[in-house]
Amino acid sequence: MIQLIRGFKDILPGETELWRYIEETSVSLFEDFGFQEIRVPVMERTELFQRSIGEETDIVEKEMYTFPDRKGDLITLRPEATASVVRSYIQHKMYAKDPIRKFYTIGPMFRRERPQKGRYRQFYQINAEVFGIESPLIDVQLILMLVTLFSKLLVTDIEVHMNSLGCPKCRPKFQEALAGLMLSAKDKLCKDCRRRSEKNPLRVLDCKVPSCREAMAGAPAIVDFLCPECTRHFETVKEMLEKQNIPFVIDKRMVRGLDYYTRTTFELQTGLLGAQNAVAGGGRYDNLVEALGGPAQPAIGFAIGIDRLVEIVALNKEELVKKPDVFIAALGEESMNRAFEWICGLNLEGIRADMDFSGKNLKPLMKRADKLGAEYVLIVGERELEEGSAILRNMQTKDQAVIPINSIVKNIKEKIR
Ligand code: ATP
Ligand code: MG
């Protein structure tokens, strides 16, 4: 038997209802906030990710599914969505008509990480991205949107972690301070970090190897190196979050795993998932549009990991699964033929109607109706046909009513809705 690829998974009925509920709730909320859907491909030129996410990141160094297509061009299954959305914003000159754009997109991402609970090689994200707004108020609005979504989905154990990564003006001084520490701690760093410490010291702060974490424990905080503009931006974000009654913690060590972030960064963390505690993450990427060949336009976005979110929503999966409104227990061939016409009519009228096609007798038919969780059962046999009526049984109350067969679709519809 052929099994699926390690780190990949099927999402089966019973689960898909919850996934769709989460997606539909997100879409409806994001549209209230003025976001529009954008759909971008799952494959891009490798270069797009190298230039945006950054060459020294874990994602680009180790995790991308990259291969040459048949003509030899290097292509990559997207590890994240922001790069593609930025590419699309630039390619279609969307900024020309109106630089302010708010997008959301939902879909699969691919990273070749070590599979474990909450970590897959194909996983799903809901992304939101805003272009063209410099004001810190949009940072607050985006976090408000995220927190609102989580509360709509009845997620309780969640904490907003905030940091600022500054801008190219404040970053060099911080990196200088880091470099000193790294030089003295070089022996304790992993092989990757020793290499990264020179080219991209910020990445060392994001390393998950315990010895690197230990060596970096006393590292300076980037917030202590912010330029006046970045300080003011971050102060406003914090003040406005407080005004909106959104609790948060400052996480001076959080640098995020992608190079393009600037200024405000945030992560939603939960205590419910063990090691894989990040459910959503995001931040500003004010220089990325220009770096990828577009105009200088500020931007900010976030990504929610759906695979992790489904594990922490306090929603009843069972209740989301749709059950038949009515199951027709038809006895005998003639009844079955009539029943078939009725379920077709009912389905067209938007009633969930079902029947059994194998000619069973009443007992197994009632059993099946029960198993499917049907709200009503319509019982019809030869005698009922002759008398021109059928029996409609409410499976919960056990009440039974005799209803006339002519215009039965209309009769059932009236009974049910
Ligand atoms: P982590 O620190 O757990 O590796 P990350 O910082 O790499 O997460 P992001 O790139 O910020 O994750 O992606 C946003 C969200 O996508 C994460 O918060 C997480 O919920 C989800 N996510 C990331 N990688 C995976 C994965 N391999 N499997 C499942 N979900 C993932
Ligand atoms: Mg990761």
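Where does Glu113 lie? In this predicted model, Glu113 sits in the loop between strand 5 (101-110) and strand 6. Strands here are DSSP runs of E of at least two residues, while helices are runs of H or I of at least four, both numbered from the N terminus. Glu113 is buried, since its relative accessible area is 15%; buried means under 20%, exposed over 50%, and partly exposed anything in between, with a 1.4 Å probe and protein chains only. The side chain of Glu113 also makes a polar contact of 2.7 Å with that of Arg119. Such a contact is a pair of N or O atoms within 3.5 Å; within protein, one must be able to donate a hydrogen and the other to accept it, and residues adjacent in sequence count only if both atoms are side-chain atoms.

A few ground rules apply. Local features need pLDDT of at least 70 and side-chain atom pairs pLDDT 80 or more, whereas totals for chains, interfaces and linings use all residues. Residues are numbered from 1 along each chain as its sequence is written, chains are lettered from A and ligands numbered from 1 in the order written, and side-chain values use heavy atoms, with hydrogens and water left out.

Glu113 and Arg119 turn up again at the ligand. Together with Arg111, Arg256 and Arg308, they are the closest of the 15 residues that surround ligand 1; a residue counts as near if one of its heavy atoms lies within 4 Å. Oxygen atoms of ligand 1 take part in several of the pairings. One is 2.6 Å from a side-chain N or O atom of Arg256, and a polar side-chain atom of Lys208 lies 3.0 Å from a ligand oxygen. Taken alone, ligand 1 exposes 580 Å², and the protein buries 91% of that (Shrake-Rupley areas, 1.4 Å probe; for residues, only the protein chains shown count as cover). Strand 6 (122-131), strand 10 (278-284) and strand 11 (299-305) each give two or more residues to the shell, and strand 10 gives the most, with three. By type, the shell divides into six nonpolar, three polar and six charged residues. Asp, Glu, Lys and Arg count as charged; Ala, Val, Leu, Ile, Met, Phe, Trp, Tyr, Cys and Pro as nonpolar; and the others, Gly among them, as polar.

Five strands form an open sheet in the order 13-12-14-15-16, with mixed pairing; two strands pair if DSSP finds at least two bridges between them. Strand 13 (353-355) and strand 16 (400-404) are at the edges with a single partner strand each, so one side of each has no neighbour in the sheet. Strand 12 (residues 326-330) and strand 14 (residues 376-380) run parallel, joined by five bridges, and Ile328 stands opposite Leu378 of strand 14.

Most residues other than glycine have a negative phi. Asn245, in the loop between helix 11 (228-243) and strand 8 (249-250), has a positive phi near 60° and is exposed at 67% relative accessibility. Arg263, found in strand 9 (residues 262-269), also has a positive phi, about 45°, but is buried at 11%.
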